[in-house]
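Let us read a protein model together, one feature at a time. Ask as we go.

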Amino acid sequence: MDHRVKNHLQLIPSYARSLAREPGETAAHVAHEIATRLSMVAAIHDVLHMNRASDCVEARSFLTRVCQSLADGQHRIDVVCDEDLTLSAEELAPVGMILVEAVCNCLKHGFPQGRAGAVAVAFRRQDGERILEIFDDGVGFDPTASPGGGSGLRLMQAFAKRLRGDFAISRNRAFGATVKLILPMPLAGAD
């Protein structure tokens, strides 16, 4: 457990250094982003502590805990998850970082100038894979432009690669955007 705590906490300084290199970043914004990631690490350790007897945790409780830490009171964040899906202890930090980045981007870019809206997180099993989708009903992005390209997008892509997963971001047909992570099923365990 101590080793996992150390590994998960090491993500934070690395993330902070990457964010601080972005042009125009303020100290206040970097501090807010670090606090958000620390909440995610706390959620990881809460679910690991509750599941001491197992190396896997219930995905729904983890995703819900992370999303609760991101709730801003103005936008709804709903989590839907197949009941028996789990995440291994090794998957929690990368999945959590992707989830935090995607939800934060939805809230920041999808709902400008105080626009109301909702973010949905869905984790399901399909065709022998686990699919995590984060989508919003916000303003979306220009489909002729590359979606993002900043440190957040690079971070999500790097964590997807670490998970041996496929990652995509797309504009929804009518509005909003979708982040999709496709993960292989675990080699061992019952998923």
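Q: What does buried mean?
A: Buried means under 20% relative accessible area, exposed means over 50%, and partly exposed lies in between (1.4 Å probe, protein chains only). Take C67: its relative accessible area is 4%, so C67 is buried. C104 has a relative accessible area of 14%, so C104 is buried.

Q: What kind of model is this, and how are residues numbered?
A: This is a predicted model: local features need pLDDT of at least 70, side-chain atom pairs count only at pLDDT 80 or more, and totals for chains, interfaces and linings use all residues. Residues are numbered from 1 along each chain as its sequence is written, and side-chain values use heavy atoms, leaving out hydrogens and water.

Q: How many disulfides are there?
A: A disulfide is a pair of cysteine sulfur atoms within 2.5 Å. By this rule the count is 0. For C67, the nearest cysteine sulfur belongs to C104, 9.8 Å away. For C104, the nearest cysteine sulfur is that of C106, at 9.2 Å.

Q: In what order do the strands form the sheet?
A: Strands (E, at least two residues) and helices (H or I, at least four) are DSSP runs, numbered from the N terminus. Two strands pair if DSSP finds at least two bridges between them. Here 5 strands form an open sheet, in the order 2-4-5-7-6, with mixed pairing. Strand 2 (76–81) and strand 6 (166–171) are the edge strands, and each pairs on one side only.

Q: How many bridges join strand 5 to strand 7?
A: There are 7 bridges between strand 5 (residues 129–136) and strand 7 (residues 177–184), and these strands run antiparallel. Look at R130: its bridge partner in strand 7 is L183.

Q: Which strands does helix 4 lie across?
A: Contact means heavy atoms within 4.5 Å. Axes are lines fitted to C-alpha atoms, for helices over the stretch in contact, and angles run from 0 to 180 degrees between N-to-C directions. Helix 4 (residues 89–109) lies across strand 2, strand 4 (118–126), strand 5 and strand 7, at about 20 degrees to strand 5. Helix 5 (residues 151–162) lies across strand 6 and strand 7, and runs at about 145 degrees to strand 6.

Q: Is V103 buried or exposed?
A: V103 has 0% relative accessibility, so V103 counts as buried. V103 sits in helix 4. Leaving aside neighbours within four places in sequence, V103 is in contact with L70, I77, V119, V121 and I134. V103 and I134 are 31 residues apart in sequence, and 7.0 Å apart in space, C-alpha to C-alpha.
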